[in-house]
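Please look through the fold of this protein chain and report on its strands, sheets, helix packing, nonpolar cores and backbone exceptions.

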Amino acid sequence: MPIQITIPFNSADRSPRVRASPLKEEPLATQPAHDSRTHARRRYDAYAGAPSDTMRAAAAAPWIAVLEELSAVAGDDLGHARERVQRHAADIGTGFRVIGEESERPWPVSPIPLLIEAAEWATIERGVIQRADLFETILRDLYGPARLVERGHIPAPLITGSPFFLRPLVGLPPTGGHHLHFVAVDLGRSPAGEWRVLADHLRAPTGAGYALENRLAVSRTLGGLQARLNVRRHAPFFAAFREGLAAACQRSDPRIGLLTPGRYNPSYPEQAHLARYLGLLLVEGDDLAALEDRLYVRTIGGLKRIDALWRRLDPRLLDPLAFDSNSRIGVPGLIDVWAQGHVVLANAPGAGVLESAAFGAFLPQLATRLTGADLILPNIATWWCGQPREAAHVGAELGSMLLSSAFGAATLGLPGDAAVAGADLTPDQRAVFLGDLTRRPQDYVGQEVVRLSTMPVVIGDRMEPRPFTLRVFAARDATGRWQVLPGGFARIGEHPDPRAAVMGEGIWSADVCVHGADPVAPVSLLPAADSLHIRRNPGTLPSRVADNFFWLGRYLERGEALLAMIRVMLGHSIDADPGAAPDEATIARLVAEIVETGAAPAPDSLRRADLIAFARTAMEAQGGQWQSVAAINTHAQRIAGGSRDRLSLDMVRLLDAPFPTHRGMLDRAGSLQRRYAAIAGLSAEHMGRTAAWRFHDLGRRVERARAISRAARMFGMAGASADDLSTLLDLADSQISYRQRYLTGIARVPVVDLTVLDPGNPRALAFQVERIREHLAALPVLDDDGMAEQQQIEATELYALVAPAQAALLDPETLIEVDRRLFRLSEAIARRYFLQGAEPLRASGLTLA
C-alpha cells in the first residue's frame with residue numbers, strides 16, 4: 001500500500017508522520033520527470049496530500065525543501081540517495097566496531113535528516129543545560145560534604161551500591177573546578193510531541209564524532225539544504241569545547257590528549273576522527289607516564305607534559321594503583337597527578353554514579369530542591385525497588401513495566417543485560433525475577449514503557465516511518481558555561497514498534513538539523529583564509545605511533561619480499577622465456593628461503609603440484625601458525641588500525657582491502673603486488689616528510705636491506721648459476737635496470753654490484769643503508785652535547801661496512817655480518833624511540849616539556 005506523510009497539527013511535533021493511504025494515483029517511477037522543485041512538491045503531495053491550512057503549510061515547507069534536495073540528487077530513486085550518503089560516510093572514514101568482531105562496519109546514515117525548529121530546540125537546549133548544572137551540583141556534594149545523603153534526600157545505598165561511585169576520590173576537588181566538561185542526554189519524543197529524557201551519559205559520552213560525520217555526509221549529499229533552511233552549524237560547539245578544556249589547564253599553551261582504550265573499542269573510529277578534527281593528541285594508556293606529580297606522554301623526543309585528557313576510558317580502569325589493580329590499559333599514578341591539580345580529566349572519574357537508572361527516581365525532587373524549578377526535560381517515570389513501597393508497586397504492575405538493572409550491572413533476575421518489558425517475560429522468567437526482587441530489591445528499577453514518535457527513513461525506494469531517539473551533547477566553553485551542540489544525532493529503529501525498549505540502539509543514524517528564519521554565519525575550525533600564522537612543525541609524535549609506523553613499513557616490505565619469492569618460484573620472470581621457472585637447484589634455494597621466513601612448511605617434493613600447494617600456504621594461510629602473506633597483511637592492518645588518525649583514508653582502504661580471490665595463483669599474486677605498489681606510492685608521494693613518515697620509511701629500509709642481503713647471500717655468491725643471478729635480479733626488481741646497463745648477458749659481479757652495492761639503485765643494499773643513516777640523523781636526540789646516540793653509531797658502522805665493499809670481493813661472511821648489524825640497529829632504534837609502558841623511565845636526557 002502506498003505511503004502518505006501527514007503533517008501533525010501539534011506544532012511541537014515537526015516530523016512528518018507516515019500512515020497507509022490508498023490515495024495514490026500511479027507509482028512515482030512511471031510519472032514524467034520534472035525539475036527538482038516540481039518533483040518534490042508532487043512527491044510530497046502524493047504522499048501527504050496538499051496542506052489545508054496555514055500552520056500545516058508552514059510545517060510542510062522544511063520537509064518539502066528536504067525532498068527537493070533529494071530529488072535533485074536522486075530523482076525518483078530514493079535508494080540512490082541512501083547509497084550516495086553512505087558513500088560519503090565511507091569517504092569520511094566513518095565506521096564502528098561490534099564487540100567481538102575483528103573488522104569495522106560502515107556507519108549507517110539515513111539521507112533524510114531529522115528537522116527541529118529553532119524555537120523547539122531552544123527548549124531542549126535549556127533543559128540539557130539545566131540537567132548538566134544539576135548534575136555538577138550533585139557531584140560536588142557527593143564527593144564533598146555529602147549533605148544530600150546525610151539529610152536523606154538521596155538514599156545512601158543508591159550511592160554506595162553503584163560500581164561507579166569511586167570512594168577514593170571523596171574529598172578531592174577536580175582540577176579546573178568542574179567534575180563535568182562534556183555530557184550527553186538521550187531524548188525520546190512522544191507521539192504527542194513531548195520530549196522526555198531516556199538516559200544520561202556522564203562517564204565517557206560517545207557519539208559527538210558521529211554527529212559531526214553525519215553532518216558532513218548529509219551536507220555533501222544535500223548540498224543546498226544548509227543555506228535554504230538556515231541550519232545551525234556544529235563547528236562553534238567543538239571550538240568552544242576545545243577552548244574550554246584549554247582554559248581549565250594551568251599553562252597558557254596546553255597539550256591536550258584524547259585518551260582511548262585502543263583500536264578494539266567500538267567507537268575508536270569516532271575517537272580518531274574527533275582527535276583529528278579538534279587537533280588533540282590521540283593517546284593510549286601505555287603512551288602516558290606519571291612522574292613527580294605530572295603527567296607526560298612518551299614521545300620520540302622524550303617525555304612531554306600533558307595538561308588535559310578527554311578520556312574515553314572506563315574510570316575504573318584509569319589507574320591500577322587507585323582503582324582496578326588488574327587494569328592493563330590505565331596509567332599508574334594518574335589519579336595522584338589529578339589530585340595534585342596538575343592534569344584536567346574530562347570528565348572527572350566518579351561522575352558515572354549519576355548515570356544509573358535508579359537515580360532517575362530522585363532527580364525531579366532534587367531539581368526542585370536544588371534549583372527551585374521543575375525539570376524542563378522530564379525523566380521517564382522510574383521506581384527504584386530499594387524502597388519497599390516502590391518495590392511492591394513494581395511487583396504489582398509488572399506487566400506494564402520496563403524492568404532493568406538499577407546500576408547497570410548484570411542481575412540474577414533478568415535474562416541478559418538489557419532492559420526487558422515485564423509483559424515479555426515467560427512465566428518461568430517472571431518467577432525468577434520476583435524471587436530475586438524479594439532477595440535483592442535494590443538491584444532493580446521499574447520504568448514506564450515509553451512510546452516514541454517516528455521520522456521518515458528510506459527503505460528500498462520508499463519512505464517508511466520508524467521510531468527514533470535523539471542524543472544531545474553539551475560542553476563547557478572557556479567561561480565555564482554550557483554550550484549545546486545544535487542537533488546531535490538521531491538513532492532510528494529497525495522495526496515500526498514505537499517502544500523505546502524494543503528499538504534498542506537502533507539500526508540507522510540521521511543528521512539532526514536545527515533550522516530557523518535567521519541566517520547562520522559560516523564558522524569553521526579551520527583558520528581564516530587570510531591568517532598569517534604558519535606552522536610547519538607537525539606536533540608531538542608519541543613513541544607508540546612511531547613504533548606503529550616503523551613496523552607498518554617493515555610488515556609491508558616483508559609481505560612484498562615474500563610475495564616476490566613466491567612469484568619467482570612459480571615462474572614469473574621477465575626473462576627471454578616468459579613464464580619459465582628457474583632450474584631445480586634455484587627452486588630448492590627459493591623454497592628453503594620461504595620456509596626460513598616461517599611462511600609455510602617445506603613441500604613434500606619440488607613437483608609442480610606440490611609447489612603450487614606450498615605457494616598457496618605461503619600466500620593465504622591464516623590462524624597464526626604460518627607467517628604467510630595474508631598473515632603479514634593482517635599484522636599491517638592491525639597496526640594501521642591503531643594509527644588511523646595519522647593515515648590517509650586511501651591508505652587505510654588499501655590496507656583493509658580483502659585478500660584477492662582471483663582464480664589463478666599468479667593472478668592473485670599480481671593483484672597483491674599492485675596493491676603493495678599503490679601503498680608504496682602513497683607513502684612516497686602523499687605522506688608529509690614528518691617524523692612519522694621517517695619511521696615508516698625507516699622500517700621499509702631496514703626490512704628491504706635484510707631481504708636483499710639474504711637474497712644476495714643465497715643467489716649471488718661465487719658459483720651462482722644464470723638462473724640464480726636472474727632470480728636475484730627478480731627479487732631486487734632490477735631486471736630492466738640490468739638489461740639497460742649490460743647488453744652482453746648475465747654476469748655475477750655486475751649483478752651483485754647492481755643489487756647490493758649501487759647507491760643509485762633504490763632496491764640495492766647500499767641505497768637502504770644510506771637512507772637509514774639519513775633518517776636517523778634527522779630524528780631527534782635526547783642530549784644536546786653533539787654526540788651520536790647508539791642507533792646513529794650502529795647506522796654509521798653499517799654504512800662503513802657496505803659503502804667501500806667491492807662486488808668481486810663480497811663474500812657470505814660480510815653479508816652475514818650485515819644481517820647481524822641490521823638486527824642490532826633495529827634493536828637500538830626500538831630501545832631509543834619505542835619506550836614500552838613497563839619500561840623504567842630514564843631520567844637523564846629527557847625533556848620534561
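Phe468 is found in strand 20 (residues 462–476), where strands (E, at least two residues) and helices (H or I, at least four residues) are DSSP runs numbered from the N terminus. Phe468 is buried, with a relative accessible area of 0%; buried means under 20% relative accessible area, exposed over 50%, and partly exposed in between, with a 1.4 Å probe and protein chains only. Although Phe468 and Gly188 are 280 residues apart along the chain, their C-alpha atoms are separated by 7.2 Å.

This is a predicted model, in which local features need pLDDT of at least 70 and side-chain atom pairs count only at pLDDT 80 or more, while totals for chains, interfaces and linings use all residues. Residues are numbered from 1 along each chain as its sequence is written, and side-chain values use heavy atoms, with hydrogens and water left out.

Strand 20 runs antiparallel to strand 19, to which six bridges join it; two strands pair if DSSP finds at least two bridges between them. Within this pairing, Pro456 stands opposite Pro465 in strand 20. The two strands form a hairpin with two residues between them, and Gly460 in the turn has a positive phi of about 70°. Strand 19 (residues 454–459) has five of its six residues buried, so it is largely enclosed by the rest of the structure.

Strand 16 (residues 401–405) pairs with strand 17 in the antiparallel sense over two bridges, and Leu403 has Val420 in strand 17 as its bridge partner.

Four bridges join strand 8 (residues 256–259) to strand 13 (residues 308–311), with Trp310 in strand 13 as the bridge partner of Leu258.

Helix 7 (residues 208–221) packs against helix 10 (residues 268–278) at an angle of about 75°, with the axes 8 Å apart. The two helices are therefore roughly perpendicular to each other, the term for angles of 65 to 115 degrees, whereas angles under 35 count as roughly parallel, over 145 as roughly antiparallel and the rest as oblique. Among the residues that meet are Tyr210 and Leu216 in helix 7, and His273 and Tyr277 in helix 10, contact meaning heavy atoms within 4.5 Å.

The largest nonpolar core has 84 residues, and those with the most contacts inside it include Ile566, Phe695 and Ile829; a nonpolar core is a set of buried Ala, Val, Leu, Ile, Met, Phe, Trp, Tyr and Cys residues joined through side-chain atoms within 4.5 Å. Helix 16 (residues 543–569) gives the most to this core, with 14 residues. A second, separate core of 74 residues includes Val128, Leu295, Ile306 and Val331. Leaving aside neighbours within four places in sequence, Ile829 is in contact with Phe550, Phe695, Leu698, Leu776, Gln791 and Phe834.

| Residue | Phi | Relative accessible area |
|---|---|---|
| Asn230 | near 55° | 18%, buried |
| Glu292 | about 50° | 66%, exposed |

Asn230 has its place in the loop between helix 8 (225–229) and helix 9 (235–247), and Glu292 is found in the loop between strand 10 (288–291) and strand 11 (294–299). The peptide bond from Ala346 to Asn347 is cis, with omega near -5°.

Technical notes: Axes fitted to C-alpha atoms, helices over the stretch in contact; angles between N-to-C directions.
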